[in-house]
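I opened this notebook to keep track of what I looked up, entry by entry.

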Amino acid sequence: MLEYSMIPLFKSTYSIGKSILTLAEPSKDKEGGPDSIISIALENKLDKIFLIEDSMIGFIDAHKRCQENNIQLIFGLRINCCNDRFSEESRKESNHKIVVMAKSDDGVSKLIKIYSIANQESAGYCDCEMLKNLWDDSCIKLC
């Protein structure tokens, strides 16, 4: 018999317009307001959370909250990808999303580099060539 384990993936309000979940301290949850991912993790006795965001903006807040509550953070960046990040035509024709997750602190540094280069050089897009140049075992890629 096959056993499946569930991995809860979260997205916070740092991914603008994508979630109503926050990274607020558990004590800051307000009745009738948005739920805190940290509170959900604590209530469900999750020792790690998988946070997939559209930017790196919420990483420091997530890292801090998880450390304060003894929760392991697995952080992932969802980013636009295309065949040629410098070609407007390629961005339209081959646009898709990928999720790159950090396996370590070195992986987080790679995510920051990927995010920064994509946003500084090519309107928020990456391509296989860019990822190949930055890739190592500190990251894993999910589709």
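Entry one, the cysteines. How far is the sulfur of Cys81 from the closest cysteine sulfur, and in which residue does that sulfur lie? I kept in mind that this is a predicted model, and I found that the closest cysteine sulfur belongs to Cys126, at 3.8 Å from the sulfur of Cys81. A disulfide is a covalent bond between the sulfur atoms of two cysteines. For a pair to count as a disulfide, the sulfur atoms have to be within 2.5 Å, so the sulfurs of Cys81 and Cys126, at 3.8 Å, are too far for a bond. When I looked up the total for the structure, I found 0 disulfides. I also noted the accessibility of two cysteines: Cys81 is buried, at 3% relative accessibility, and Cys66 is buried as well, at 1%.

Entry two, Asp127. I located Asp127 in the loop between strand 5 (125–126) and helix 5. Is Asp127 buried or exposed? I read a relative accessible area of 6%, so Asp127 counts as buried, the cut-off being under 20%. Setting aside residues up to four places away in sequence, I listed what Asp127 touches, and the list holds Cys81, Cys82, Asn83, Asp84 and Arg85. I then checked the side chain of Asp127, and a polar atom there lies 2.9 Å from the backbone nitrogen of Met130.

Which residues of the largest nonpolar core touch the most other members? I found that they are Ile49, Leu51 and Leu73, in a core of 30 residues. I traced where this core comes from, and at least two residues each are supplied by helix 1, strand 2 (48–53), helix 2 (59–68), strand 3 (72–81), strand 4 (96–102), helix 4 (105–121) and helix 5 (128–134). The largest share, 5 residues, comes from strand 3. Apart from this core I noted another one, of 5 residues, including Phe50, Ile74, Val99 and Met101. I went back to Leu73 and, leaving aside its neighbours within four places in sequence, wrote down contacts with Ile49, Leu51, Phe59, Ala62, His63 and Cys66.

Where is Pro34 placed? I found Pro34 in the loop between strand 1 (9–10) and helix 1 (37–43). With a relative accessible area of 44%, Pro34 is partly exposed. Finally, I looked up Pro34 together with Leu23, which is 11 residues apart from Pro34 along the chain, and their C-alpha atoms are separated by 9.9 Å.

Note on methods:
Residues numbered from 1 in each chain as written. Predicted model: local features only at pLDDT ≥ 70, side-chain atom pairs only at ≥ 80, totals over all residues. Heavy atoms only, no water. Helix = DSSP H or I, 4+ residues; strand = E, 2+ residues; numbered from the N terminus. Buried < 20%, exposed > 50% of the residue type's maximum accessible area, 1.4 Å probe, protein only. Core = buried A, V, L, I, M, F, W, Y, C linked by side-chain atoms within 4.5 Å. Contact = heavy atoms within 4.5 Å. Polar contact = N/O pair within 3.5 Å; in protein donor to acceptor, adjacent residues only side chain to side chain.
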